Amino acid sequence: MAKSTHSNAIVLLLSVALAAVLGIAGIQGYKTMSDKAKEQTAITESVVRWKRSYMALAGTQDRWEKTYKAASGIPDMLTLVSLLNLATYNLRADTDQLVLKSDEQVTANGEALGLTKLCLGTGQESFIVEADSYGRLLAGIEQLARRSDVFLDNISVVGDKAVPQARIGEMCLLLRSE
Amino acid sequence: MINKKKQRAPQWSYVANSHQLKVGAVRNKALLVGSAVFVSTRDLRANGYSRMTPRNGIGPFKALISKQTPRLFVASNDQVTNAAPKSTRFALAIDAYLQWGMRSKGKVILIGGYEDSNETHLDILVFENGCFVDYENKALPGRSAMHFQDAFAALVDDFSSKWAGFEVHQAAPLTPFNQAGPSIKYVDERIFKGLSFRPLSMHSTSQLRELAVPGAIVVMGVVFCMGALGKGWSDYHSANASFNSEIADPVVKGQGGVDSRLIETIQQRRFYLDQPRRQVSLVEKSRNLVAGISKIQGMRIVEIKLPAPSVGVIGPTIGVPVPAGPDASGANRKPDVWLRVAVPLQGSISILEQGKALMTLISANTGMDVRLARQGWTDDGNRRVFTLEGFIHG
């Protein structure tokens, strides 16, 4: 009788031990999986955050794409000239002499914007535009200056020429690089 | 040979000796009673008996919490069981008595057993609050013997002194001891209904029952483990799934994945787009300037530069040096417009006076602050050329 009770107690103890091992294994397994799940959730949250920021900036992105034409859509000088569309502003330029003076990436606060600045010149130095009158010349330049994808600097209007003329030191087009 | 009461059809055979099995049992069910089973509260060995798993005298739950489990040791008579055809299945009457006792309440004595014409074999079990307390077996003469009554009366006396206050029950297959008076209650054959008949080799119900508690503990462990793992796995799975659904969003996919630099770039683009553009105001102002100047009689514009060339740059148009040196006129500010105008010579008025009058006029007509550049005048025979610097407000 004593022996049987003994072995019963051993069996009971063993079962408790086994259950405990199983329990601990279960908890360990759960912890491992749950840690992995938490990691994954953290990553997911960062994706969600990113998406939210992106969505918040989607308007900007939209504006960006509407403001600037894609550089990839400009295969040659002719297209560039037609994009400039000087005739609409009653301006003329000797486009046969057109040269690409420089080609640089625009940065802001050290961040490349993905914007290419293509600066043009007629002949060696400036980009020379002409119009029928000084009024028209200035009106045309103003319209050009209002274009977001046009960068103008160092404008010089010469007053005593037979044909009203302006030399634009920096006459650049801004195009999306990507 | 068999105590068939007023039952419609016997469900099993009561078997106390090998003869009863030679002919086979009813429905192959042999209910071992009497001397076919050796019962004791001690683990004794007896020749010709095969020990079976000890029976617990209390329920499995009570067994867990009680310090000592009361047990009943049982062994089957080989002579009897060997006589049985192979297909015979067995059950023990003592199991039914035990189960009945463990369901009883208060202090109870159950007298079971078996009788034939020669002998009355009694199994006496004592229970208290559903716990088995004691067992005794007694052999009395056959019911028809002269001294049966005396022996039985002596037995009852003996018990009532030893187990005072216990309620006495008597169970089938014994016939009721009517003579003993109303204090003995009778439990009929239905007590055996719950028994399951099994081949002798498989007669280890109680062994299974003994393993039930440890088994249940292990099963609980397994269930808990599986549950925990399952929960962990499903958590991980759902985390993965939500990640995949987020990453599959066309917004994310369209940008070639999550790129924190892209956000930064777009932010900078926004600043860039929102930046005021100086070129617009410059050109606007210069138009005003030209319009304002053209109202002034006799004045002609030689050249306008937007913005004014940086300090140190040589003005190329006419060949006159452009004012050089920082803070030429005492102001730190760089002029916005560089302007060269020509007016007819007016001999009577000094250059400075003429220039001053001009600047006042220009300023009034354009709303621009104007100053004369250093050495900003020259005569070329028939006209006087002034070089002016303008400051645009706002």
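Predicted model: local features only at pLDDT ≥ 70, side-chain atom pairs only at ≥ 80, totals over all residues.
1. Residues are numbered from 1 along each chain as its sequence is written, while chains are lettered from A and ligands numbered from 1 in the order in which they are written.

2. Helix α9(B), residues 278–294, packs against α10(B), residues 351–366, at about 125 degrees with the axes 8 Å apart. Helices here are DSSP runs of H or I with at least four residues, and strands are E runs of at least two. Axes are lines fitted to C-alpha atoms over the stretch in contact, with angles from 0 to 180 degrees between N-to-C directions. The two helices are therefore oblique to each other (under 35 degrees is roughly parallel, over 145 roughly antiparallel, 65 to 115 roughly perpendicular, the rest oblique).

3. On the α9(B) side, Asn288(B), Leu289(B), Gly292(B) and Ile293(B) meet Ile362(B), Asn365(B) and Thr366(B) of α10(B) (contact means C-beta atoms, placed from the backbone, within 7 Å).

4. Between the chains, B puts in 60 residues and A puts in 58. From chain B, α6(B) gives the most, with 23 residues.

5. There's also a strand link: β6 of chain A (residues 150–158) pairs antiparallel with β13(B) over four bridges (pairing takes at least two DSSP bridges). Val157(A) sits opposite Ile304(B) there.

How values were computed: Contact = placed C-beta atoms within 7 Å.
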